[in-house]
Amino acid sequence: MNPRRKKRLATTLAVLVGLGVAVGFVLFSMTQNIDLFYTPSEIINGKNETGVKPQIGQRLRIGGMVLPGSVRRDQNSLKVSFDLFDQGPLVTIEYDGILPDLFREGQGIVANGVLTGPTTIKAHEVLAKHDEEYMPPDVAEAVGKVHPNGVGNKAAEQTGGAY
Amino acid sequence: MFKWLHPYAKSENLYRLSGKFLFWFGWLGFVGAIIGTVWGLGFTPADYQQGDSFRIIYLHVPTAMLSMSGYLGMAIAAFIGTVWQQRHADMTVIAIAPVGAVYTFLALFTGAVWGKPTWGTYWVWDARLTSELILLFLYLGVIALYYAYEDRRSGARAAAILAMVGVINVPIIHYSVVWWNSLHQGATITVFEKPKMDTSMLWPLLINIVSFGLILGAFTLMRLRNDLLMKEGHRPWVKQVLEGKH
């Protein structure tokens, strides 16, 4: 390699490595802003890295699993409330609206709303979080993915299977 | 070490070599994409949770993966063009850019269409979606910079620098679902682990990933060959090619 190329190679690599490190630091320091949501234990104990707790009245997103058996629907309206869990603590979500198709007990969701009490959130949007597993219904049944009373089975749900 | 490469620094030889590759890439990619897509859309079982809407994976995952691979390829070409001042490398950068941009757009679009029935929203500003959107802007920026200069060599230099700087975004897209919590799910197919997808659904997806890659290559080669003909229009070999005497 001639000296000019060597110089260009060194300069280019130096700039790219420097930039990479800089971006790395920026992203690392912004972790809690980039995280899409709080988990239920983070609502109660604070963010993992920083220990920052959300304030009551703060707008936030929360992500967790819907606790089986915790879904309570209002008979006369779309109002619904349910509990979210991740590792231990429960957080209650109150929501008034249409839930996404994939919303079901034991499934991950992300809710967008306002923290109204230490462990209650009034959500104005509920999104279903899907996992990375894909399988046909018969396989799902074989590995025990389908809930006995039809929850977690789309076909059963559409034909009237209830929560 | 790279002596064998030297003949291809001649545009004529590169044109002929890329012609051979184009033939195979084009046909294999075309046939493979049809097989993979028809198989995936028509003959795989529906997902146990998402039903039929999961089938968009057969377009979404290949376009998304290759939008990143395409960017990586473009950045490598930009690196070679910058360090070794190889003009064919510069031409490769601008040959890949619009194709990669289209792949990125398709990945975003198919993702949005899938997101509405699955998540309940077309768009959410989570790390994966945002970084993929940035990838689209990077592609568009490379194209814009390349054509922003009267002198094509200045344009190629500027575009190459953006292409190389932007490569930092590729690992960010890839690991966004690992580093931060996001609405987007993690990877279904990884190099070292067992795919988290049933085999009956997996094959058409793998076929489509390979085929979409070949198609990306084919479009890139087509653009590169066009560029070669246009840049060397005054040379006798181009005349020969255009008159059909190869």
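A salt bridge here is a side-chain nitrogen of Lys or Arg within 4 Å of a carboxyl oxygen of Asp or Glu. The model shown in these views is predicted. By this rule, the count over all chains comes to eight salt bridges.

**View 1. Arg87(B), Glu232(B) and Arg235(B) are linked in a network of salt bridges.** One link of the network joins Glu232(B) to Arg87(B). Their closest N and O atoms are 3.2 Å apart. Glu232(B) sits in the loop between H7 and helix H8 (236–242) of chain B, and Arg87(B) sits in helix H3 of chain B, so the pair ties together parts that are 145 residues apart in sequence. The two partners fall into separate accessibility classes. Glu232(B) counts as buried because its relative accessibility is 5%, under the 20% cut-off. Arg87(B) counts as partly exposed, at 41%.

**View 2. Asp227(B) forms a salt bridge with Lys231(B) within helix H7 of chain B.** The closest N and O atoms of this pair are 3.3 Å apart. Asp227(B) and Lys231(B) are four residues apart in the helix, so about one helical turn separates them. Asp227(B) has a relative accessibility of 14% and therefore counts as buried. Lys231(B), at 35%, counts as partly exposed.

**View 3. Arg16(B) forms a salt bridge with Glu12(B) in helix H1 of chain B.** The closest N and O atoms are 3.3 Å apart. Arg16(B) counts as partly exposed because its relative accessibility is 26%. Glu12(B) is also partly exposed, with a value of 21%. Both values lie between the 20% and 50% cut-offs.

**View 4. The second largest pocket is lined by 32 residues.** Its space comes to about 1200 Å³. Leu5(B), Ile80(B), Gln86(B), His88(B) and Ala89(B) are the lining residues nearest the pocket centre. The elements of chain B that give two or more residues to the lining are helix H1 (11–42), helix H2 (57–83), helix H3 (87–118) and helix H7 (199–231). By class, the lining has 19 nonpolar residues, 11 polar residues and two charged residues.

Definitions and conventions
Residues are numbered from 1 along each chain as its sequence is written. Chains are lettered from A and ligands numbered from 1 in the order in which they are written. This is a predicted model: local features need pLDDT of at least 70, side-chain atom pairs count only at pLDDT 80 or more; totals for chains, interfaces and linings use all residues. Side-chain values use heavy atoms; hydrogens and water are left out. On a 1 Å grid over the protein atoms alone, a cavity is a set of points where a 1.4 Å probe fits but cannot get out, and a pocket is an open set with protein on both sides within 12 Å along at least five of seven lines; lining residues have an atom within 4 Å of a point. Grid points are joined across faces, edges and corners, and a volume is the space filled by probe spheres set on the points. Ala, Val, Leu, Ile, Met, Phe, Trp, Tyr, Cys and Pro count as nonpolar, Asp, Glu, Lys and Arg as charged, and the others, Gly among them, as polar. Buried means under 20% relative accessible area, exposed over 50%, partly exposed in between (1.4 Å probe, protein chains only).
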